[in-house]
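Here is a short report on one protein chain. Keep the structure open while reading.

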Amino acid sequence: MAGWKCCKPRVLTFDEFLSIPPCTTGKHSTIDDTPANEPTTKSQDTEDVGPPPKPIAVTNEKSGIPPPLQNPQAPPQLAPAPPAPQPESESDDPSVTIPANKTCRRRGCNVTSSTNTTSSSREEEECVYHPGQALFHEGSKGWTCCKRRVLEFDEFMKIEGCKRKKRHMFVGSGKKDAGEEALTTVRHDFYQTPSTVIASLYLKKIDKQRSKIEFASPTEIVLDLPTTDLKRYKTSVPLFGPIDTVKSTFKIMGTKLELTLVKIDHASWSTLRSDEEKTSDITQIGPAGRA
């Protein structure tokens, strides 16, 4: 799991980690005022423990050959390292239009396209990127394709790419534009308080710009959730109880859609959807409300 110590969102992939919005606002500054971590001191109570005693071999007086040691331990075998990822080989299709402010898809490049990007103006482009994956291990940070390792995340973001290629890749080859994969269902769960229901619908890489979440009525929510990896979840959710459509809110995260539904009658919900099988298990925080 990856995340920031100052806020609660936790994600699984590095791309989702970079998309976590900041939790604090302030003025820009060229001075790093991040408080330094307190140095850890070695406990004085610990004592140096020497190596375990070696077993003593007893020699057979008649043959002069020492007997084999009891319970010999085989050396631990290391698991084979996963193969290194293949370098990015795709390039932009000349027939595909490159929109403005599009970020290069190669890792570590972070160059954005301008409003006047054309084929002729890209002859002098040079993409400096990392063909490998981000590597976080025991506090050190780096890339699997090169040897440099740093401790701070800001320094990790500044590691220059180890490979160069002519032209950036903003849109790719366009091979995946044939169509979207329609999803019929996604995993969901919820918990509740006397006044609200907090529901989570788990779907990665939801496109915030194209998504539609509408509180159509007190008992229905209309969802249209396209993703950046060409999937789409489109449905209407019949709710177990009535909600206040004005006060209810939603939040799109890296791995899910979170709905905060404000109850009208303060009754307990046994399910999120009215078309689900009702159970006797009710997850509630706080004292029960009055029906």
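Is Phe17 buried or exposed? Phe17 is buried, because its relative accessibility is 6% and the cut-off for buried is under 20%. The model is a predicted one.

## Overall make-up

The chain has 291 residues, and buried residues make up 27% of them. Its secondary structure comes to two helices and 15 strands.

## Aromatic pairs

There are eleven aromatic pairs in the model. One of them joins Phe17 and Phe153. Their ring centres are 5.2 Å apart, with 90 degrees between the planes, and the geometry is edge-to-face. The pair links distant parts of the chain. Phe17 lies in helix 1 (residues 14-18), Phe153 in helix 2 (residues 153-157), and 136 residues separate them. Phe153 is buried too, with a relative accessible area of 14%.

Trp143 and Phe156 form another pair. Here the centres are 5.3 Å apart and the planes meet at 20 degrees, so the pair is stacked. Stacked requires planes under 30 degrees apart. Trp143 belongs to strand 5 (residues 140-143) and Phe156 to helix 2, 13 residues apart. Both Trp143 and Phe156 are buried. Ring pairs also build a cluster: Trp4, Phe14, Phe17, Phe136, Trp143, Phe153 and Phe156 are linked in this way.

## Nonpolar cores

In soluble globular proteins, nonpolar side chains tend to be buried together. In this model, the largest nonpolar core has 22 residues. Ile221, Leu223, Leu257 and Leu261 have the most contacts inside it. Five strands each supply at least two residues of this core: strand 10 (196-202), strand 11 (212-217), strand 12 (220-226), strand 13 (231-238) and strand 15 (256-262). A second, separate core has ten residues, among them Val11, Val150, Phe156 and Ile159.

What does Ile221 contact, leaving aside neighbours within four places in sequence? Its partners are Ile213, Glu214, Phe215, Thr235, Ser236, Val237, Leu239, Leu259 and Leu261.

## Charges over rings

Two arginines deserve a look. The charged end of Arg187 sits over the ring of Tyr202, 4.0 Å from the ring centre. The charged end of Arg106 sits over the ring of Tyr129, at 5.3 Å from the centre.

## Cysteines

A disulfide is a covalent bond between the sulfur atoms of two cysteines. How many disulfides does the model contain? The count is zero. Cys6 is in no disulfide, and its nearest cysteine sulfur, that of Cys23, is 3.5 Å away. The cut-off for a disulfide is 2.5 Å. Cys6 is exposed, at 58% relative accessibility.

Cys104 is buried, with a relative accessibility of 6%.

Three strands form an open sheet in the order 4-5-6, with antiparallel pairing. Strand 4 (134-137) and strand 6 (149-150) stand at the edges. Each has a single partner strand, so one side of each is left without a neighbour in the sheet. Strand 5 and strand 6 pair over two bridges, in the antiparallel sense. Gly142 has Arg149, in strand 6, as its bridge partner.

Gly3 is found in strand 1 (residues 2-3). At 30% relative accessibility, Gly3 is partly exposed. Leaving aside neighbours within four places in sequence, Gly3 contacts Pro9, Arg10, Phe17 and Ile20. The C-alpha atoms of Gly3 and Glu16 are 9.4 Å apart, and the two residues are 13 apart along the chain.

Where is Thr227 placed? Thr227 sits in the loop between strand 12 and strand 13. Thr227 is buried, with a relative accessible area of 1%. Not counting residues up to four places away in sequence, Thr227 touches Leu203, Lys204, Lys205, Ile206, Asp207 and Arg210.

Notes: Residues numbered from 1 in each chain as written. Predicted model: local features only at pLDDT ≥ 70, side-chain atom pairs only at ≥ 80, totals over all residues. Heavy atoms only, no water. Core = buried A, V, L, I, M, F, W, Y, C linked by side-chain atoms within 4.5 Å. Buried < 20%, exposed > 50% of the residue type's maximum accessible area, 1.4 Å probe, protein only. Helix = DSSP H or I, 4+ residues; strand = E, 2+ residues; numbered from the N terminus. Contact = heavy atoms within 4.5 Å. Phe/Tyr/Trp six-rings, centres within 6.5 Å; stacked < 30°, edge-to-face > 60°. Lys NZ or Arg CZ within 6 Å of the ring centre and 35° of its normal. Pairing = 2+ DSSP bridges.
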